[in-house]
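Let's take a walk through this protein, from its overall build down to a few side-chain pairs. Have the viewer open as you read.

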Amino acid sequence: MEIKGKNALEVWRKILDYIMQNGVEYTDRRKKLCKESLNITAVVENAEDITKPIEILNKFNKWTYPSLQQIENLITGKDDSSEYYYNYGERAFNYDGFNQVEDYVLPLLKKNPTSKRAFISFIDPNKDTQPSKVEVPCLVMMNFNIREGKLHSTLIIRSNDMFHGWPGNIAQAYYLTNHLAKELKCPIGTLTTISVSAHIFEEQFAYIRKVVGKNAK
């Protein structure tokens, strides 16, 4: 399923409405009731107002959502200093001592702007493929393509809470893409997320109806 919109807020509302209407119910390992749709591709055509969904979440005053600076640091910070179990920035900029951004993606795109090989991996098989391990990065990889003079990015997410998590994910996609775009001296194009398990939780349904509108089931 592909969902497109002019901005992050439009896309977010469309995603939530689609899962509310079409998601399949199941109970996850924590005994929480979910609605899930597999393999949702979400395309944000314009990176402006990328934080609007986060602003709406904060207005509910129910969750302590990370600050925008924390969200940015989690994807662009080069040190493993996060309070989380892993730091995406540390894996992007210091993956076992290798800087995937500055030593691979940027030189590659500067030399060959039409390359299809510009990707960053956030999964470390040595750390993340133990069956007993619970805390595994949700972001799997990110790919970058320069087309018609713009830098387009795609984020692959294995498991995605589309109400509470996706707003932060699309902001992270923007922050890292913007970092590269400045170095490459080109504007940002589309921001795309591919969520393998795109899900929402029962306790979110009432809030989702408020975000989507009164017609949501």
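What follows covers the overall fold, the core, the strands, the salt bridges and the cysteines.

## Overall build

First, a caveat: this is a predicted model. The protein has eight helices and seven strands. Its radius of gyration is 17 Å, close to the 17 Å that the globule rule gives for 217 residues, so the protein is as compact as a globular protein of that length. Along the principal axes, the C-alpha atoms fill a box of roughly 50 × 40 × 30 Å.

Buried residues make up 50% of the 217 residues. As for how the chain packs against itself, take the contacts with a separation of 6 or more: 64% of them are between residues 24 or more positions apart.

## The nonpolar core

Which residues touch the most other members of the largest nonpolar core? They are Phe122, Phe144 and Trp166, in a core of 59 residues. Helix H7 (residues 166-184) supplies the largest share of this core, with nine residues. As a general point, nonpolar side chains in soluble globular proteins tend to be buried together.

Leaving out residues up to four places away in sequence, Phe122 touches Ile75, Tyr88, Arg91, Ala92, Asp128, Pro137, Leu139, Val140, Met141, Met142, Leu155 and Leu176. Note that Arg91 and Asp128 are on that list too.

Now for some strand pairing. Strand S4 (residues 119-121) runs antiparallel to strand S5 (residues 139-147), and three bridges join them.

S5 and S6 form a hairpin with two residues between them, and Glu148 in the turn has a positive phi of about 50 degrees.

## A closer look at Ile157

Ala198 is 41 residues from Ile157 along the chain, and the C-alpha atoms of the two are separated by 8.9 Å.

## Salt bridges

The count of salt bridges comes to four; here are some of them. Side chains of opposite charge can pair when their charged atoms come close. Glu10 pairs with Lys14, with the closest N and O atoms 3.0 Å apart. Both lie in helix H1 (residues 8-22), four residues apart, about one turn of the helix. Glu10 is partly exposed at 28% relative accessibility, and Lys14 is partly exposed at 38%.

Asp28 forms a salt bridge with Arg30, where the closest N and O atoms are 3.4 Å apart. In this pair Asp28 is buried, with a relative accessible area of 12%, whereas Arg30 is partly exposed at 46%. Then there is Lys32 with Glu203, a salt bridge at 2.9 Å, N to O. This pair links distant parts of the chain, 171 residues apart: Lys32 is in the loop between strand S2 (24-27) and strand S3 (33-44), while Glu203 is in the loop between strand S7 (188-201) and helix H8 (205-212). Lys32 is partly exposed at 26% relative accessible area, and Glu203 is partly exposed at 44%.

Cys34 is buried at 0% relative accessibility. Cys186 is also buried, with a relative accessible area of 14%.

Methods: Residues numbered from 1 in each chain as written. Predicted model: local features only at pLDDT ≥ 70, side-chain atom pairs only at ≥ 80, totals over all residues. Heavy atoms only, no water. Core = buried A, V, L, I, M, F, W, Y, C linked by side-chain atoms within 4.5 Å. Buried < 20%, exposed > 50% of the residue type's maximum accessible area, 1.4 Å probe, protein only. Contact = heavy atoms within 4.5 Å. Pairing = 2+ DSSP bridges. Salt bridge = Lys/Arg side-chain N within 4 Å of Asp/Glu carboxyl O. Rg over C-alpha atoms; globule rule 2.2 N^0.38 Å.
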